[in-house]
Amino acid sequence: MYDVGLSSCGHKLNEEFFEMYQKAGIKLMEVSPKDDEYEEVNYPEIQRLADKYGVKLWSYHLPFWPFTDIDISNKELCRSTLVYLTELIKKASDIGIDKFVIHSSGEPIEDPEERQERMKCAKESLAQLAETAKKLNSTIAVEDLPRSCLGKNSDEVLELISVHDDLRVCFDTNHLLCENPADFVRHVGKKIITTHVSDCDFINERHWLPGEGKIDWQELLQAFKDINYEGVWLYEIGFACPRSIIRNRDLNCEDFARNADEIFNNKPITIFSEHIPGLGMWV
(Lines give C-alpha, C1' and ligand atoms only; values in the text may rest on other atoms or scores of the structure.)
Protein backbone atom coordinates (compact mmCIF):
# COMPACT_ATOMS: atom_id res chain seq x y z
CA MET A 1 0.00 0.00 0.00
CA TYR A 2 2.80 2.40 0.97
CA ASP A 3 6.54 1.95 0.83
CA VAL A 4 7.86 1.30 4.32
CA GLY A 5 10.55 3.52 5.80
CA LEU A 6 12.35 3.73 9.11
CA SER A 7 14.11 6.54 10.93
CA SER A 8 17.71 5.85 11.85
CA CYS A 9 16.81 7.15 15.34
CA GLY A 10 20.40 7.90 16.29
CA HIS A 11 21.76 4.55 15.10
CA LYS A 12 25.25 4.51 13.62
CA LEU A 13 24.89 4.87 9.85
CA ASN A 14 27.25 2.01 9.01
CA GLU A 15 27.22 -0.90 6.57
CA GLU A 16 25.57 -3.27 9.03
CA PHE A 17 22.65 -0.90 9.52
CA PHE A 18 22.00 -0.47 5.80
CA GLU A 19 22.26 -4.23 5.30
CA MET A 20 19.55 -4.75 7.95
CA TYR A 21 17.23 -2.45 5.98
CA GLN A 22 17.87 -4.37 2.78
CA LYS A 23 17.26 -7.80 4.33
CA ALA A 24 13.94 -6.67 5.81
CA GLY A 25 12.79 -5.05 2.58
CA ILE A 26 12.70 -1.56 4.09
CA LYS A 27 13.26 0.80 1.19
CA LEU A 28 13.46 4.23 2.79
CA MET A 29 15.49 5.86 5.53
CA GLU A 30 15.09 9.07 7.45
CA VAL A 31 18.54 10.23 8.50
CA SER A 32 18.18 11.19 12.15
CA PRO A 33 21.50 11.44 14.02
CA LYS A 34 21.88 11.66 17.79
CA ASP A 35 21.69 15.20 19.11
CA ASP A 36 25.45 15.45 19.53
CA GLU A 37 26.46 13.62 16.34
CA TYR A 38 25.24 15.87 13.52
CA GLU A 39 28.75 17.20 13.01
CA GLU A 40 30.07 13.66 12.63
CA VAL A 41 27.79 12.62 9.75
CA ASN A 42 29.79 11.41 6.74
CA TYR A 43 27.42 12.40 3.93
CA PRO A 44 29.34 10.86 0.99
CA GLU A 45 29.63 7.58 2.92
CA ILE A 46 25.93 7.27 3.70
CA GLN A 47 25.16 8.07 0.06
CA ARG A 48 27.52 5.26 -0.97
CA LEU A 49 25.89 2.81 1.43
CA ALA A 50 22.38 3.83 0.37
CA ASP A 51 23.26 3.18 -3.27
CA LYS A 52 24.95 -0.14 -2.45
CA TYR A 53 21.99 -1.51 -0.48
CA GLY A 54 19.15 0.02 -2.49
CA VAL A 55 17.91 2.26 0.33
CA LYS A 56 16.53 5.67 -0.59
CA LEU A 57 17.53 8.52 1.70
CA TRP A 58 13.97 9.77 2.00
CA SER A 59 14.23 12.55 4.59
CA TYR A 60 16.44 14.21 7.17
CA HIS A 61 15.41 15.13 10.70
CA LEU A 62 16.84 18.52 11.59
CA PRO A 63 18.15 18.86 15.18
CA PHE A 64 15.94 20.34 17.89
CA TRP A 65 17.73 19.57 21.16
CA PRO A 66 18.76 21.03 23.52
CA PHE A 67 16.00 23.64 23.50
CA THR A 68 18.39 26.03 25.20
CA ASP A 69 20.56 26.07 22.06
CA ILE A 70 18.25 25.26 19.13
CA ASP A 71 14.80 26.78 18.69
CA ILE A 72 13.38 28.60 15.66
CA SER A 73 10.60 30.10 17.81
CA ASN A 74 12.91 31.75 20.34
CA LYS A 75 13.91 35.24 19.25
CA GLU A 76 17.17 34.94 21.21
CA LEU A 77 18.12 31.72 19.45
CA CYS A 78 16.43 31.84 16.05
CA ARG A 79 19.26 33.58 14.16
CA SER A 80 21.96 31.12 15.22
CA THR A 81 19.54 28.23 14.79
CA LEU A 82 18.76 29.25 11.21
CA VAL A 83 22.45 29.49 10.34
CA TYR A 84 23.05 26.00 11.73
CA LEU A 85 20.01 24.41 10.08
CA THR A 86 20.79 26.03 6.73
CA GLU A 87 24.26 24.50 6.82
CA LEU A 88 22.80 21.04 7.46
CA ILE A 89 20.16 21.40 4.76
CA LYS A 90 22.84 22.23 2.21
CA LYS A 91 25.01 19.27 3.21
CA ALA A 92 22.15 16.79 3.05
CA SER A 93 20.74 18.24 -0.18
CA ASP A 94 24.14 17.61 -1.80
CA ILE A 95 23.55 13.84 -1.50
CA GLY A 96 19.98 13.98 -2.80
CA ILE A 97 17.91 14.27 0.38
CA ASP A 98 15.01 16.61 -0.41
CA LYS A 99 12.71 16.54 2.62
CA PHE A 100 13.69 18.12 5.94
CA VAL A 101 11.60 17.48 9.05
CA ILE A 102 11.61 20.31 11.57
CA HIS A 103 10.30 21.03 15.06
CA SER A 104 8.76 24.49 15.32
CA SER A 105 9.63 25.00 18.99
CA GLY A 106 10.87 23.64 22.24
CA GLU A 107 8.80 23.84 25.41
CA PRO A 108 7.18 24.65 27.78
CA ILE A 109 5.08 27.38 26.17
CA GLU A 110 2.01 27.69 28.38
CA ASP A 111 1.44 31.45 28.57
CA PRO A 112 -0.93 32.60 25.74
CA GLU A 113 0.96 35.85 25.14
CA GLU A 114 4.30 34.08 24.95
CA ARG A 115 2.76 31.47 22.67
CA GLN A 116 1.62 34.17 20.26
CA GLU A 117 5.10 35.70 20.19
CA ARG A 118 6.77 32.34 19.69
CA MET A 119 4.34 31.46 16.91
CA LYS A 120 5.23 34.69 15.11
CA CYS A 121 8.95 34.00 15.38
CA ALA A 122 8.54 30.38 14.28
CA LYS A 123 6.58 31.38 11.20
CA GLU A 124 9.20 33.95 10.20
CA SER A 125 11.91 31.31 10.62
CA LEU A 126 9.97 28.71 8.65
CA ALA A 127 9.45 31.16 5.79
CA GLN A 128 13.21 31.73 5.60
CA LEU A 129 13.98 28.01 5.69
CA ALA A 130 11.37 27.32 3.03
CA GLU A 131 13.14 29.77 0.72
CA THR A 132 16.50 28.12 1.45
CA ALA A 133 15.06 24.69 0.71
CA LYS A 134 13.35 25.91 -2.46
CA LYS A 135 16.68 27.03 -3.93
CA LEU A 136 17.99 23.51 -3.31
CA ASN A 137 14.89 21.79 -4.76
CA SER A 138 14.01 20.58 -1.29
CA THR A 139 11.05 20.91 1.07
CA ILE A 140 10.63 21.74 4.76
CA ALA A 141 8.13 19.43 6.50
CA VAL A 142 6.79 20.85 9.78
CA GLU A 143 6.13 18.18 12.39
CA ASP A 144 3.19 18.18 14.79
CA LEU A 145 4.45 18.19 18.37
CA PRO A 146 3.16 17.12 21.81
CA ARG A 147 2.16 18.87 25.00
CA SER A 148 2.81 22.65 24.97
CA CYS A 149 5.06 22.78 21.88
CA LEU A 150 3.94 24.78 18.86
CA GLY A 151 2.05 22.62 16.40
CA LYS A 152 0.14 20.55 18.95
CA ASN A 153 -2.95 20.21 16.71
CA SER A 154 -3.97 20.59 13.06
CA ASP A 155 -5.03 24.24 13.44
CA GLU A 156 -1.61 25.24 14.78
CA VAL A 157 0.23 23.20 12.16
CA LEU A 158 -1.78 24.81 9.37
CA GLU A 159 -1.06 28.25 10.82
CA LEU A 160 2.67 27.48 10.93
CA ILE A 161 2.83 26.41 7.29
CA SER A 162 0.56 29.21 6.06
CA VAL A 163 3.52 31.61 5.71
CA HIS A 164 4.97 29.90 2.62
CA ASP A 165 3.29 27.94 -0.16
CA ASP A 166 6.08 25.37 -0.23
CA LEU A 167 5.91 24.36 3.44
CA ARG A 168 4.54 20.88 4.06
CA VAL A 169 3.81 18.60 7.03
CA CYS A 170 5.36 15.54 8.65
CA PHE A 171 2.56 13.81 10.56
CA ASP A 172 3.87 12.22 13.75
CA THR A 173 1.08 9.90 14.84
CA ASN A 174 2.21 9.63 18.47
CA HIS A 175 2.70 13.35 19.09
CA LEU A 176 -0.96 14.18 18.64
CA LEU A 177 -2.28 14.12 22.20
CA CYS A 178 -5.29 16.44 21.91
CA GLU A 179 -6.86 15.55 18.54
CA ASN A 180 -8.02 12.36 16.84
CA PRO A 181 -5.28 11.27 14.40
CA ALA A 182 -7.75 10.56 11.58
CA ASP A 183 -9.29 14.01 12.02
CA PHE A 184 -5.83 15.57 11.81
CA VAL A 185 -5.13 13.77 8.53
CA ARG A 186 -8.39 14.86 6.95
CA HIS A 187 -7.96 18.47 8.11
CA VAL A 188 -4.35 18.87 6.96
CA GLY A 189 -4.91 16.79 3.85
CA LYS A 190 -2.51 17.04 0.92
CA LYS A 191 -0.04 19.13 2.91
CA ILE A 192 1.14 15.88 4.55
CA ILE A 193 4.13 14.57 2.60
CA THR A 194 5.71 12.19 5.10
CA THR A 195 5.09 10.45 8.41
CA HIS A 196 6.55 9.41 11.73
CA VAL A 197 4.59 6.29 12.61
CA SER A 198 4.42 5.05 16.20
CA ASP A 199 1.84 4.40 18.88
CA CYS A 200 0.99 6.09 22.18
CA ASP A 201 -1.55 6.06 25.01
CA PHE A 202 -2.71 9.69 24.49
CA ILE A 203 -1.17 10.57 27.86
CA ASN A 204 2.23 11.38 26.41
CA GLU A 205 4.34 10.55 23.38
CA ARG A 206 5.63 6.97 23.70
CA HIS A 207 7.08 5.92 20.33
CA TRP A 208 5.68 2.42 20.77
CA LEU A 209 5.20 -0.08 17.96
CA PRO A 210 1.70 0.25 16.44
CA GLY A 211 -0.62 -2.06 18.34
CA GLU A 212 1.07 -1.38 21.68
CA GLY A 213 -0.94 1.81 22.27
CA LYS A 214 -4.41 3.21 21.65
CA ILE A 215 -4.33 4.57 18.10
CA ASP A 216 -6.98 3.02 15.84
CA TRP A 217 -4.78 2.07 12.90
CA GLN A 218 -7.54 1.03 10.54
CA GLU A 219 -9.37 4.32 11.12
CA LEU A 220 -6.13 6.20 10.50
CA LEU A 221 -5.30 4.19 7.40
CA GLN A 222 -8.74 4.98 5.99
CA ALA A 223 -8.12 8.68 6.56
CA PHE A 224 -4.88 8.46 4.56
CA LYS A 225 -6.83 6.76 1.77
CA ASP A 226 -9.50 9.47 1.92
CA ILE A 227 -6.96 12.22 1.23
CA ASN A 228 -5.15 10.13 -1.41
CA TYR A 229 -1.93 10.27 0.57
CA GLU A 230 1.02 9.52 -1.72
CA GLY A 231 3.89 9.56 0.78
CA VAL A 232 5.49 6.80 2.79
CA TRP A 233 4.79 4.84 5.97
CA LEU A 234 7.89 5.73 7.94
CA TYR A 235 8.41 4.45 11.47
CA GLU A 236 10.18 6.61 14.06
CA ILE A 237 10.86 4.04 16.77
CA GLY A 238 14.13 2.98 18.33
CA PHE A 239 15.10 -0.68 18.48
CA ALA A 240 15.76 -0.65 22.23
CA CYS A 241 12.85 -0.97 24.63
CA PRO A 242 11.89 2.39 26.19
CA ARG A 243 11.24 2.74 29.92
CA SER A 244 7.51 3.16 29.26
CA ILE A 245 6.78 -0.44 28.18
CA ILE A 246 8.12 -3.96 28.73
CA ARG A 247 9.32 -6.10 25.80
CA ASN A 248 11.05 -9.45 25.98
CA ARG A 249 13.55 -8.39 23.29
CA ASP A 250 14.68 -5.44 21.21
CA LEU A 251 12.93 -4.62 17.95
CA ASN A 252 14.52 -5.33 14.58
CA CYS A 253 13.87 -4.24 11.00
CA GLU A 254 11.73 -7.31 10.29
CA ASP A 255 9.35 -6.25 13.09
CA PHE A 256 8.60 -3.01 11.26
CA ALA A 257 8.09 -4.73 7.91
CA ARG A 258 5.71 -7.25 9.52
CA ASN A 259 3.85 -4.53 11.45
CA ALA A 260 3.23 -2.55 8.26
CA ASP A 261 1.98 -5.65 6.45
CA GLU A 262 -0.42 -6.42 9.31
CA ILE A 263 -1.82 -2.88 9.33
CA PHE A 264 -2.11 -2.60 5.55
CA ASN A 265 -3.90 -5.94 5.29
CA ASN A 266 -5.99 -5.58 8.48
CA LYS A 267 -4.40 -8.61 10.14
CA PRO A 268 -4.07 -9.08 13.91
CA ILE A 269 -1.02 -7.09 15.04
CA THR A 270 1.78 -9.12 16.57
CA ILE A 271 2.38 -7.94 20.15
CA PHE A 272 5.26 -9.13 22.35
CA SER A 273 5.12 -6.48 25.05
CA GLU A 274 3.20 -5.61 28.18
CA HIS A 275 2.27 -2.31 29.73
CA ILE A 276 3.67 -0.97 32.96
CA PRO A 277 0.89 -0.61 35.57
CA GLY A 278 0.14 2.97 36.61
CA LEU A 279 2.28 4.50 33.89
CA GLY A 280 2.36 8.27 34.29
CA MET A 281 3.29 11.02 31.86
CA TRP A 282 7.00 10.70 32.57
CA VAL A 283 7.04 7.03 33.65
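Predicted model: local features only at pLDDT ≥ 70, side-chain atom pairs only at ≥ 80, totals over all residues.

**Exercise 1.** Work out how the radius of gyration of the chain agrees with that of a compact globule.

*Solution.* Start with the length: the chain has 283 residues. For another view, take the box along the principal axes: the C-alpha atoms fill roughly 45 × 45 × 35 Å.

**Exercise 2.** Describe the make-up of the chain, from its helices and strands to its contacts.

*Solution.* Begin with the elements: the chain holds 8 helices and 10 strands. Next, look at burial, where 54% of the 283 residues count as buried. Then turn to contacts between residues at least 6 apart in sequence: 73% of these join residues at least 24 apart. Finally, consider the surface: the chain exposes about 12,600 Å², and carbon and sulfur atoms supply 48% of that area.

**Exercise 3.** Decide whether Ser244 is buried or exposed, and find its surroundings.

*Solution.* First locate Ser244: this residue lies in the loop that runs from strand S8 (233–235) to strand S9 (245–247). Its relative accessibility is 6%, and buried means under 20%. Ser244 therefore counts as buried. Now list its contacts, leaving out residues up to four places away in sequence: Ser244 touches Arg206, Trp208, Ile276, Leu279 and Val283. With Trp208 there is also a polar contact, side chain to side chain, at 2.9 Å.

How values were computed. Residues numbered from 1 in each chain as written. Heavy atoms only, no water. Helix = DSSP H or I, 4+ residues; strand = E, 2+ residues; numbered from the N terminus. Rg over C-alpha atoms; globule rule 2.2 N^0.38 Å. Buried < 20%, exposed > 50% of the residue type's maximum accessible area, 1.4 Å probe, protein only. Contact = heavy atoms within 4.5 Å. Areas by Shrake-Rupley, 256 points an atom, 1.4 Å probe, with all protein chains shown as cover. Polar contact = N/O pair within 3.5 Å; in protein donor to acceptor, adjacent residues only side chain to side chain.
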